[in-house]
Amino acid sequence: MTIYATDDRSMTSDLTDENAVRVDRWMPAWRCGWLPDRLLTRAQALAAMVLAEIGAADPYPRHEAAQGRMISAAGEVGIPVEQAVFLLMRRRSA
């Protein structure tokens, strides 16, 4: 699992097609592909990418460390982990 951040303008992943992009050069706001209606901070965008990577590997991980990372990342984004899993699975099936 690797998240690539390019010159503070975009984030991509080696496990999923999801990405996050900075809204513009002058605003510190980000948008993530699976949360298009939310403006995020850089930390929230990174957390959203972590959720996307874990969800791509296993949307219902049994390993406690992965579960903890999902819960923590969802908290950073400001959504319940169940909602994150639902949104990611819905987007993946589309």
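Student: Is Arg42 buried, partly exposed or exposed?

Tutor: Arg42 has a relative accessible area of 36% in this predicted model. Buried would require under 20% and exposed over 50%. Arg42 therefore falls in between and counts as partly exposed.

Student: How many salt bridges does a search of the whole structure find?

Tutor: Side chains of opposite charge can pair when their charged atoms come close. A pair counts here when a side-chain nitrogen of Lys or Arg is within 4 Å of a carboxyl oxygen of Asp or Glu. For the whole structure, the number of salt bridges found is 3.

Student: How many residues apart in sequence are the parts that Arg22 and Asp8 tie together?

Tutor: Arg22 and Asp8 form a salt bridge, with their closest N and O atoms 3.2 Å apart. Arg22 belongs to strand β3 (residues 19-24), while Asp8 sits in the loop between β1 (3-6) and β2 (10-13), so the separation in sequence of the parts they tie together is 14 residues.

Student: Which residue in helix α1 does Asp8 pair with?

Tutor: Asp8 is partly exposed, at 33% relative accessibility. In its salt bridge with Arg42, the closest N and O atoms are 2.7 Å apart. This pair links distant parts of the chain, 34 residues apart, from the loop between β1 and β2 to helix α1, where the partner of Asp8 is Arg42.

Student: Which residues are linked with Asp8 in a network of salt bridges?

Tutor: Asp8 forms a salt bridge with Arg22. Asp8 also forms a salt bridge with Arg42. The residues linked with Asp8 in a network are accordingly Arg22 and Arg42.

Student: Where does the salt-bridge partner of Glu18 lie?

Tutor: Glu18 forms a salt bridge with Arg91, the closest N and O atoms being 2.7 Å apart. Glu18 is in the loop between β2 and β3, so the pair ties together parts 73 residues apart in sequence, and Arg91 lies in helix α3 (residues 81-93).

Student: What is the relative accessibility of Leu51?

Tutor: Leu51 is located in helix α1. Beyond residues up to four places away in sequence, Leu51 touches Trp34, Met70, Ala73, Ala74, Val77, Ala84 and Leu88. Leu51 counts as buried, its relative accessibility being 0%.

Student: At roughly what angle do the axes of helix α1 and helix α2 cross?

Tutor: Ala43, Gln44, Ala47, Ala48, Val50, Leu51 and Ile54 in α1 meet Ala66, Arg69, Met70, Ala73, Ala74, Glu76 and Val77 in α2. These contact residues comprise 11 nonpolar, 1 polar and 2 charged. The crossing of α1 with α2 is left-handed. The axes of α1 (residues 42-57) and α2 (residues 64-77) come within 8 Å, and their crossing angle is roughly 145 degrees.

Key. Residues are numbered from 1 along each chain as its sequence is written. This is a predicted model: local features need pLDDT of at least 70, side-chain atom pairs count only at pLDDT 80 or more; totals for chains, interfaces and linings use all residues. Side-chain values use heavy atoms; hydrogens and water are left out. Axes are lines fitted to C-alpha atoms, for helices over the stretch in contact, and angles run from 0 to 180 degrees between N-to-C directions. Helices (H or I, at least four residues) and strands (E, at least two) are DSSP runs, numbered from the N terminus. A crossing is left-handed if the near helix is turned anticlockwise from the far one by less than a right angle, and right-handed if clockwise. Contact means heavy atoms within 4.5 Å. Ala, Val, Leu, Ile, Met, Phe, Trp, Tyr, Cys and Pro count as nonpolar, Asp, Glu, Lys and Arg as charged, and the others, Gly among them, as polar. Buried means under 20% relative accessible area, exposed over 50%, partly exposed in between (1.4 Å probe, protein chains only).
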